[in-house]
Amino acid sequence: FAVGIGLAVTGITTYAFFVACARGLSEKDYAAVIGGLWPLVFVVAPGCFLPLEQEVGRALAHRRSQNIGGGPVVRRAAIAALWGTGGLLLLTAIFSGVLRQNLFKGVAGLVICFAIALITYAAQHLTRGTLSGNGRFGPYGVILGAEGCIRLLPAAILWFAGVTDPVAYGLCLAIPPVLASAL
């Protein structure tokens with residue numbers, strides 16, 4: 001139930017985030033943030049980190065069923081996440097020019113937003129795997145809903161304040177995962 005509510009909140013706030021971006025940004029900048037950064041983040045981050053989340057959840061659930069602590073699993077997974085994120089950041093640096101020109105409409109700051117998103121989503125997926133493996137679905141649902149709210153609030157403020165910088169809106173996408181996980 002908690003995960004379902006979290007997903008519903010995320011869906012509603014995502015729509016509102018798109019509206020805030022559409023109203024606050026030019027067509028070109030909207031295309032860079034929502035047409036370039038958004039899909040790249042939501043293909044790469046889950047594509048690379050969802051398997052980590054699922055394996056951590058599975059391993060912790062197995063260890064919990066045997067009354068064995070999960071600390072070693074989480075530590076190993078955190079190390080794997082660090083290495084994986086480091087590799088993705090290296091690839092991002094290597095292909096930064098291609099990303100900037102082909103996806104981000106020439107906005108170099110969105111490459112930095114993408115790099116930040118890789119880090120924050122790695123942390124979030126590790127947190128979610130730890131929560132699910134320990135049967136803590138309430139906090140898992142909170143992460144889902146909180147991320148959407150934390151993303152929307154600053155984007156709405158930017159829109160109402162007349163801010164037109166696509167990097168500011170890109171940071172609204174990149175930073176919330178780690179803040180939601182901290183909750």
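Me: How many helices and how many strands make up the secondary structure of the protein?

Reply: Secondary structure is read by listing the elements and then their order along the chain. In this predicted model, the protein has eight helices and zero strands, and from the N terminus on the elements run α-α-α-α-α-α-α-α. The radius of gyration is 17 Å, close to the 16 Å that the globule rule gives for 183 residues, so the protein is as compact as a globular protein of that length.

Me: What box do the C-alpha atoms of the protein fill?

Reply: Taken along the principal axes, the C-alpha atoms fill a box of roughly 55 × 35 × 20 Å.

Me: What share of the residues counts as buried, and what share of the accessible surface belongs to carbon and sulfur atoms?

Reply: Burial is read residue by residue, whereas the accessible surface is read over the atoms. Of the 183 residues of the protein, 42% count as buried, while the accessible surface comes to about 9,000 Å², with 70% of that area belonging to carbon and sulfur atoms.

Me: Which share of the contacts with a separation of 6 or more comes from residues 24 or more positions apart?

Reply: Here one looks at how far apart in sequence the contacting residues are. Among the contacts in the protein with a separation of 6 or more, 76% are accounted for by residues 24 or more positions apart.

Me: Is Thr13 buried or exposed?

Reply: A single residue is read by its element, its cover and its neighbours. Thr13 lies in helix H1, which spans residues 2-24, and Thr13 is buried because its relative accessible area is 8%, where buried means under 20%. The side chain of Thr13 reaches the backbone oxygen of Val9 at 2.9 Å, and, leaving aside residues up to four places away in sequence, Thr13 touches Gly148, Cys149 and Leu152.

Me: Which residue caps the N-terminal end of H7?

Reply: A cap is read from a side-chain atom and a backbone atom at the helix end. Asp165 caps the N-terminal end of H7, with a side-chain oxygen lying 3.1 Å from the backbone nitrogen of Val167.

Methods:
Residues numbered from 1 in each chain as written. Predicted model: local features only at pLDDT ≥ 70, side-chain atom pairs only at ≥ 80, totals over all residues. Heavy atoms only, no water. Helix = DSSP H or I, 4+ residues; strand = E, 2+ residues; numbered from the N terminus. Rg over C-alpha atoms; globule rule 2.2 N^0.38 Å. Buried < 20%, exposed > 50% of the residue type's maximum accessible area, 1.4 Å probe, protein only. Contact = heavy atoms within 4.5 Å. Areas by Shrake-Rupley, 256 points an atom, 1.4 Å probe, with all protein chains shown as cover. Polar contact = N/O pair within 3.5 Å; in protein donor to acceptor, adjacent residues only side chain to side chain.
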